[in-house]
Amino acid sequence: MPIEPHDVAEQFARRYAQPPQAVIRAPGRVNLIGEHTDYNDGFVLPLAIDRAIWIALRPRDDRRVAVHSIDYDESREFALDGMTDEKAGWIEYLKATAWSLQQAGLRLAGWEGVLMGDVPLGAGLSSSAALEIAAARAFAKVSNLDWNPAAMAKLGQRAENQWIGVNCGIMDQLISAAGQADHALLIDCRSLETQAVPFPAGTAVVVLDTATRRGLVDSAYNERPSQCEAAAEFFKVPALRDVGLEAFQDHASELDSITARRALHVITENDRTLRAVEAMRRGEVCALGVLMNKSHESLRDDYEVSSDALNAMVESAQAHDACYGARMTGAGFGGCAVALIDAEAAEDFVEKTAADYQQETGNTPAVYVCRATDGASVVEVQ
Ligand code: ADP
Ligand code: MG
């Protein structure tokens, strides 16, 4: 069962002997299609899921922030003035966000409260972005700031890039801030324009965690953005977003074969993502599923960021009758796959796919049937 507002309020009341003044929720996410396109100024189609980071709080007037993490069973504090990076674990995400908001000239107030979540850590569902956006929403609430989801997402991304030191794109923070219930969000990663796209009736999104994690392949992973940059430079455009399939095919033979395949993935993936939006709008679930399957093939064969475990999971999912389409999701080399299925058969799909994958690989997977939810909000507790 997902965490409910009263669970968080109760944890607060236990520590402070009074109800919280506000409860904040910011969701994790899964990307339906549009993988490794964000840093190419392209298109992504994520949804905010019914797993989230929660904060229950009350304001403080001494410019200090004090937080108890329920999941880590640890209390941490910091002052809003003179913060330094102490590499102190989860609290750094809150400091990072405070730093980023203050860098943008926003005047923050302090607060104290409890923090808890049910976004699995490091599984590719972006618990870190959810935490940054929850922190931003908390600061906005106690400091009476306007809540502009896109602007706050940018500040959250900056926190993650510059304080945490992870070079992520804008997708994770933006979907956590701006998600819409029952919709995926088409994000143009260049303009940051978003369009909510409704899920066809009777479908469910399933996240399939392979229980494997990206290991010592960081260098292989970090190569990808520079290969894309090299390809964009070759075509004399700012980013691969600006290269159409025809223009690519006319000149692909002049590129070395690896760079050409990397570029081919990005160019076809942008096209698939836009076509997926059309398919969703028309309710064509089978067409949408085919695009997801093709996305996986492209990530596996051209972009080469899949893994044996991810391939096994995707094949197990695709083998089930209720599955319209499945693909690896997130950066790759481990983590999760995502499947679009007939909601009525969800239970059978979960059971059989998990069993099949486990038999194939020996790994015990975690499987989540997800609902698309709203982005970050202040939740009223009765
Ligand atoms: P992910 O893929 O989930 O974003 P990251 O490594 O980027 O993985 O972020 C995980 C980190 O975010 C954790 O190590 C922790 O510091 C922080 N975090 C995530 N969820 C929670 C939580 N429920 N409570 C406290 N910190 C959390
Ligand atoms: Mg993260």
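Biologist: Where is asparagine 144 found?

Modeller: This is a predicted model. In it, asparagine 144 is found in the loop between α3 and α4 (149-164).

Biologist: Why is asparagine 144 called exposed?

Modeller: The relative accessibility of asparagine 144 is 72%. Exposed means over 50%, so asparagine 144 counts as exposed. Its phi is near 55°, a positive value in a residue other than glycine.

Biologist: What makes aspartate 73 exposed or buried?

Modeller: Its relative accessibility is 59%. Because exposed means over 50%, aspartate 73 counts as exposed. Aspartate 73 is placed in the loop between β4 (64-69) and β5 (74-79). Although aspartate 73 is not a glycine, it has a positive phi of about 50°.

Biologist: Why is serine 295 called buried?

Modeller: Serine 295 has a relative accessible area of 0%. Buried means under 20%, and therefore serine 295 is buried. Its place is in helix α9 (residues 285-301).

Biologist: Which residues are in contact with serine 295, leaving aside its neighbours within four places in sequence?

Modeller: They are Ile33, Glu269, Arg272 and Arg327.

Biologist: What makes the pair of serine 295 and glutamate 269 a polar contact?

Modeller: Their side chains are joined at 2.9 Å. A polar contact requires N or O atoms within 3.5 Å, so the pair of serine 295 and glutamate 269 is a polar contact.

Biologist: Why is strand β3 described as largely enclosed by the rest of the structure?

Modeller: Of the 15 residues of β3 (residues 46-60), eleven are buried, so the strand is largely enclosed.

Biologist: How do you know that β3 pairs with strand β1?

Modeller: Nine bridges join β1 (residues 22-31) to β3. Pairing needs at least two bridges, so these strands pair, and they run antiparallel. Arginine 29 has alanine 48 in β3 as its bridge partner.

Biologist: What joins β3 and β6?

Modeller: β3 and β6 pair over eight bridges in the antiparallel sense. Isoleucine 53 stands opposite glycine 117 in β6.

Biologist: What makes β2 and β8 edge strands?

Modeller: An open sheet of three strands, with antiparallel pairing, has the order β2-β7-β8. In this sheet β2 (43-44) and β8 (194-198) each pair on one side only, and they are the edge strands. Strand β7 (residues 183-188) pairs with β8 over five bridges in the antiparallel sense. Alanine 184 stands opposite valine 197 in β8.

Biologist: How many residues surround ligand 1, and which are the closest?

Modeller: Ligand 1 is surrounded by 15 residues, and the closest are Asp71, Leu121, Gly122, Ser127 and Ser128. By class, the shell has eight nonpolar, six polar and one charged residues.

Biologist: Which atom of ligand 1 lies 2.9 Å from a polar side-chain atom of aspartate 71?

Modeller: It is a nitrogen atom of ligand 1. A polar side-chain atom of serine 127 lies 2.6 Å from an oxygen atom of the ligand. For serine 128, a polar side-chain atom lies 3.0 Å from an oxygen atom of ligand 1. The protein covers 80% of the 570 Å² of accessible area that ligand 1 has on its own.

Biologist: Which elements give two or more residues to the shell around ligand 1?

Modeller: They are β6 (110-117) and α3 (127-142). The largest share, three residues, comes from α3.

Note on methods: Residues are numbered from 1 along each chain as its sequence is written. Chains are lettered from A and ligands numbered from 1 in the order in which they are written. This is a predicted model: local features need pLDDT of at least 70, side-chain atom pairs count only at pLDDT 80 or more; totals for chains, interfaces and linings use all residues. Side-chain values use heavy atoms; hydrogens and water are left out. A residue is near a molecule or strand if one of its heavy atoms lies within 4 Å of it. A polar contact is a pair of N or O atoms within 3.5 Å; within protein, one must be able to donate a hydrogen and the other to accept it, and residues adjacent in sequence count only if both atoms are side-chain atoms. Accessible areas come from the Shrake-Rupley method with a 1.4 Å probe; for residues, only the protein chains shown count as cover. Helices (H or I, at least four residues) and strands (E, at least two) are DSSP runs, numbered from the N terminus. Ala, Val, Leu, Ile, Met, Phe, Trp, Tyr, Cys and Pro count as nonpolar, Asp, Glu, Lys and Arg as charged, and the others, Gly among them, as polar. Buried means under 20% relative accessible area, exposed over 50%, partly exposed in between (1.4 Å probe, protein chains only). Contact means heavy atoms within 4.5 Å.
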